[in-house]
Structures are given as structure tokens and as C-alpha cells.
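Grab a pencil and have a look at the model below. Try each exercise yourself before you read its solution.

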Amino acid sequence: MQDFFRFTELTYYLGSREREIRISGELKPGYVLVVKGPSGSGKSTLLKVMARLVKAQGGEIIYRDKNWYAYSPYAWRTCIQYVPQKPVMFRGNGRENLYKPFLLKGIREDRIFNEEKVREYLDIFSLPPQILEQEAITLSGGEAARLSFIRALLIEPSIILLDEPTAYLDQENRIKVLRFFSRWVKEEPGRGIVLISHQENDIEEFSDTSFISLGG
Ligand SMILES: Nc1ncnc2c1ncn2[C@@H]1O[C@H](COP(=O)(O)OP(=O)(O)OP(=O)(O)O)[C@@H](O)[C@H]1O
């Protein structure tokens, strides 16, 4: 495989044509690509473009040697999962929230909702099993954040786009989550993470990192 995840002249607007971003770079397998830049420079928007939730005006991403448009949007999002900074919880309990992506049309058939995996992840992220029965909108910010990591992980993506993953976490959970992702990215070949974090010490938890910067 020549290109795992390479983006070239990726071009997108921040609200209007006047604020155009154009950026090239590469995420290597096993690596964490850290997106740097001041507030409002377009970091979150870049992750949404990469997830194909926001349209790019130009440029391309080559993922596993194929142009991104060679993948259906569903296939793309099965491989590349975006976890927004502010956790999104739907109506329904914790289990229903974890199950939600499996109800979406086009999810790859080899992805199955694995209750055993759910329990395993709850344990890793120190969430009590009762959370599965709790109304998700009543979860605390930190609980919802950890549940949204589990929701993304259950899809078994190869790339996870993490937007400020520790924003809602206390110190203990912050370390737990970062160490988990640091292991996850190395556990199997062909995984990668794109990370936005304002906290320099978050980045120190990862062994192989590379950086790209967006201007002001
Ligand atoms: N749909 C939109 N309409 C108008 N403006 C937008 C839209 N999406 C993003 N923007 C603007 O684009 C800029 C970049 O937003 P973005 O969330 O990508 O920044 P960021 O670098 O992640 O910032 P922060 O570090 O504060 O989270 C901001 O000024 C934002 O207000």
C-alpha cells in the first residue's frame, strides 16, 4: 500500500468563499496526525471535510490507494469515524445510542453490534453497565464523551478523527482515554488517528505523531 491516507490541496471554505483553506498532508498508519492552529483557523472543519460531512471545494484524499469518491459515503464513514468535540446524544438510552449507527442504511454488513465488546469498552472507559439503560441526554458531559468514543469504536473504523477528546474529561479519565487510543492505534496494522487538542500534554501520550498547521 502506497498511500494510507493522503490529502492533497484539500480546499474548503470557513463559512464563505472569502475564508478559504487549502491544505496537504498525510496520515501514516500507526500514527497520530495532530492538527494545530489558533481558535477559528478551521481545524474542526477540516475533520468534518475528512469525514465527508462538509463538502470540499477541491483537492482529494487518497485512502488505501483509492480516491475518496471511489468509496460510497457509507463505506467512507465505516472506515473513517469522526467524534465531535461536543458529544452528540440522541433520544433513547445508552444502548440505543450505541446501536444507532447500526440502523443507518449502508453500514457494512460485516459490522455487527457486539454486546460483549460493549461491556469490554464500558469497563475500559470506567462506565457502569447501568449507563446502557439510562436516558442518554441525562448523561454528564464526561460520560457522554466516553459513550461517543465507544459508539465510534464499535463500528471498527481504521481511522478515528478526534476533536478535543479530553475536553469533557477529568484528569483520571483523560489519561485513561488517551492511553486507550495510544494502544488502539498500534494494536492492529492499518489504523490511524487525526487529533485536535489544545493541550500539549495530551499529545505526549502518543508515541508516533506528526503535525500539520492551519494559519490564523
Ligand atoms: N457553516 C459555517 N458558517 C459560517 N461560519 C462557519 C461555518 N463553519 C465554520 N465557520 C467558521 O469557520 C471558522 C473555523 O471554524 P472551526 O470550528 O473549524 O475552527 P477551529 O480551528 O476548530 O476552532 P476552535 O479551536 O475554536 O475549536 C470559525 O470562525 C467558524 O465560525
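This is a predicted model: local features need pLDDT of at least 70, side-chain atom pairs count only at pLDDT 80 or more; totals for chains, interfaces and linings use all residues.

Residues are numbered from 1 along each chain as its sequence is written.

**Exercise 1.** Work out the order of the strands in the open sheet.

Step 1: Helices (H or I, at least four residues) and strands (E, at least two) are DSSP runs, numbered from the N terminus. Two strands pair if DSSP finds at least two bridges between them.
Step 2: Strand β1 (residues 5–14) and β2 run antiparallel and are joined by eight bridges. Y12, for instance, has I21 of β2 as its bridge partner.
Step 3: The four strands line up as β2-β1-β4-β5, with antiparallel pairing.
Step 4: β2 (16–27) and β5 (66–67) each have a single partner strand, so one side of each has no neighbour in the sheet.

**Exercise 2.** Find the residues that surround the ligand.

Step 1: A residue counts as near if its C-beta atom, placed from the backbone, lies within 6 Å of the molecule.
Step 2: That gives L14, G15, G37, S39, G40, S41, G42, K43, S44 and T45.
Step 3: Helix α1 (residues 43–50) gives the largest share of this shell, three residues.

**Exercise 3.** Describe how α3 and α5 pack.

Step 1: Axes are lines fitted to C-alpha atoms, for helices over the stretch in contact (C-beta atoms, placed from the backbone, within 7 Å), and angles run from 0 to 180 degrees between N-to-C directions.
Step 2: Helix α3 (residues 94–103) and helix α5 (residues 141–154) make an angle of about 35 degrees, and their axes are 8 Å apart.
Step 3: From α3, the contact uses G94, N97, L98 and P101, while α5 brings L147, I150, R151 and L154.

Terms used: Two residues are in contact if their C-beta atoms, placed from the backbone, lie within 7 Å.
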